[in-house]
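Please read the numbered points with the sequence and the model in view.

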Amino acid sequence: AEVYNGLADAVINNDHTHELSQVGRHVILPSFFVSSGCFMYQLYQDSMAIVHWAGCPDIFLMLTANPKWHEIVENLLPGQIAVRVTPANTTTRPKEPQYHG
């Protein structure tokens, strides 16, 4: 908090005597801190170890909340579809699936 106060003071006072990128200190967050670089690197290493042990995956399964998201629709290849699957239609196939794309 003390370092942040120094940075905030430098910005508020429009202090041009110090380069603002030099104010504060560099901190590397540990791998147990979710979203840190070390956490992401550990997830990557774990996934590569699984692929090494089990082999390449046969399918790619992506679970999302909305198949209409533009990020999903714009990355579909020709002929691919995104289908919303809910617990109600996992045991029986719906009469008319909802196709997006």
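This is a predicted model: local features need pLDDT of at least 70, side-chain atom pairs count only at pLDDT 80 or more; totals for chains, interfaces and linings use all residues.

1. Confidence. The mean pLDDT of the protein chain is 74, and 60% of the residues reach a score of at least 70. Among the elements, α2 has the highest mean value, 91, whereas strand β2, residues 99–100, has the lowest, 56.

2. Secondary structure. The protein chain contains three helices and two strands. Their order along the sequence is α-α-α-β-β. Helix α1 covers residues 2–12 and helix α2 residues 37–54, with a loop between them.

3. The protein chain has 101 residues, of which 6% count as buried. Among contacts with a separation of 6 or more, 12% join residues 24 or more positions apart.

4. A nonpolar patch. Which residues make the nonpolar surface patch of about 440 Å²? Val-27, Leu-29, Phe-32 and Phe-33 form this patch. Phe-33 lies in the loop between α1 and α2.

5. Accessibility of Phe-33. Is Phe-33 to be described as buried, partly exposed or exposed? Its relative accessible area is 43%. Phe-33 is therefore partly exposed, since that class lies between the limits of under 20% for buried and over 50% for exposed.

Technical notes
Residues are numbered from 1 along each chain as its sequence is written. Side-chain values use heavy atoms; hydrogens and water are left out. Helices (H or I, at least four residues) and strands (E, at least two) are DSSP runs, numbered from the N terminus. Buried means under 20% relative accessible area, exposed over 50%, partly exposed in between (1.4 Å probe, protein chains only). Contact means heavy atoms within 4.5 Å. Patches are made of residues with over 30% relative accessible area and no salt bridge: like charges are joined within 9 Å, nonpolar side chains (Val, Leu, Ile, Met, Phe, Trp, Tyr) within 5 Å. Accessible areas come from the Shrake-Rupley method with a 1.4 Å probe; for residues, only the protein chains shown count as cover. A salt bridge is a side-chain nitrogen of Lys or Arg within 4 Å of a carboxyl oxygen of Asp or Glu. pLDDT is the predictor's confidence in each residue, from 0 to 100.
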